[in-house]
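Hi everyone, thanks for making time this morning. I'd like to walk you through one structure, so please have the sequence and the 3D view open.

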Amino acid sequence: MTKRPAIRHIVFFSARDKADIARIVAGLEQLGKIPHSEVFEVRRNTQSDALSGEVDVVVYAEFASADDLAAYKADPIYQAAIDAVRPLRELRIAADI
């Protein structure tokens with residue numbers, strides 16, 4: 001059996017203006033500088049699902065513990081990324097599984 005991370009943090013974003021998707025990706029990529037995640041990715045949605053086009057960008061991260069996730073969210077880079085992306089996004093949906 002494969003060892004699974006304690007927490008998988010997945011966040012979906014939609015852009016207010018599709019022209020800003022690259023800026024959203026760049027802002028979210030700054031989160032990768034925070035050292036608490038074991039895996040961190042920011043990807044544009046390929047929009048290959050014909051039934052759902054709302055999501056433009058996805059953040060996927062894995063954390064060994066709830067404490068690591070909390071430390072990630074407490075890092076000043078996290079707030080800086082929020083400040084950069086919030087004005088550009090319409091939708092934000094997060095799930096921790």
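This is a predicted model: local features need pLDDT of at least 70, side-chain atom pairs count only at pLDDT 80 or more; totals for chains, interfaces and linings use all residues.

I'll go through the helices, then the strands, and finish with the charged pairs.

Let's begin with helix H1, which covers residues 21-29. Its buried residues are Ile-21, Ile-24, Val-25, Gly-27 and Leu-28. If you look down the axis of H1, these buried residues fall within an arc of 165°, so they line one face of the helix. And what do the buried residues of H1 pack against? The list has strand S1 (7-15), strand S2 (39-44), strand S3 (57-63), helix H3 (76-85) and strand S4 (89-96).

Now turn to H3. Here the buried residues are Tyr-78, Ala-81 and Val-85. Viewed down the axis of H3, they sit within an arc of 65°, so they too line one face of their helix. The cover over them includes S1, H1, H2 and S4.

While we're here, please click on Asp-75, in the loop between helix H2 (66-74) and H3. Asp-75 is buried and yet has no salt bridge. Its nearest side chain of opposite charge is Lys-33, 10 Å away. So what does the side chain of Asp-75 reach at the start of H3? One of its oxygens comes to within 2.8 Å of the backbone nitrogen of Ile-77. Leaving aside residues up to four places away in sequence, Asp-75 touches Ile-34 and Pro-35.

On to the strands. S1 and S3 run antiparallel and are joined by seven bridges. S2 also pairs with S3 in the antiparallel sense, over six bridges. Is S3 mostly covered or mostly open? Mostly covered: five of its seven residues are buried.

Next, Val-42 in strand S2. Val-42 counts as buried because its relative accessibility is 9%, under the 20% cut-off. Beyond residues up to four places away in sequence, Val-42 touches Val-25, Leu-28 and Glu-29, along with Val-57, Val-58 and Val-59.

Over in strand S1 we have Ser-14. Ser-14 is buried too, with a relative accessible area of 7%. Its side chain reaches the backbone nitrogen of Leu-91 at 2.9 Å. Among the other residues Ser-14 touches are Glu-54, Asp-56, Leu-88 and Arg-89.

Last topic: charges. As a reminder, side chains of opposite charge can pair when their charged atoms come close. How many salt bridges are there in this model? The count comes to five, and I'll show you some of them.

Glu-90 forms a salt bridge with Arg-16, with the closest N and O atoms 3.4 Å apart. This pair links distant parts of the chain, with Glu-90 in strand S4 and Arg-16 in the loop between S1 and H1, 74 residues apart. Glu-90 is partly exposed, at 48% relative accessibility, while Arg-16 is exposed, at 52%.

Asp-96 pairs with Lys-73, and there the closest N and O atoms are 4.0 Å apart. Again distant parts of the chain are linked: Asp-96 is in strand S4 and Lys-73 in helix H2, 23 residues apart. Asp-96 is partly exposed at 41%, and Lys-73 is partly exposed at 35%.

Finally, Glu-41 forms a salt bridge with Arg-43, at 3.0 Å between the closest N and O atoms.

That's my tour, and I'm happy to take questions.

Methods
Residues are numbered from 1 along each chain as its sequence is written. Side-chain values use heavy atoms; hydrogens and water are left out. Buried means under 20% relative accessible area, exposed over 50%, partly exposed in between (1.4 Å probe, protein chains only). Helices (H or I, at least four residues) and strands (E, at least two) are DSSP runs, numbered from the N terminus. The arc is that of the directions from the helix axis to the C-beta atoms. Contact means heavy atoms within 4.5 Å. Lys and Arg count as positive and Asp and Glu as negative; His and the chain ends are not counted. A polar contact is a pair of N or O atoms within 3.5 Å; within protein, one must be able to donate a hydrogen and the other to accept it, and residues adjacent in sequence count only if both atoms are side-chain atoms. Two strands pair if DSSP finds at least two bridges between them.
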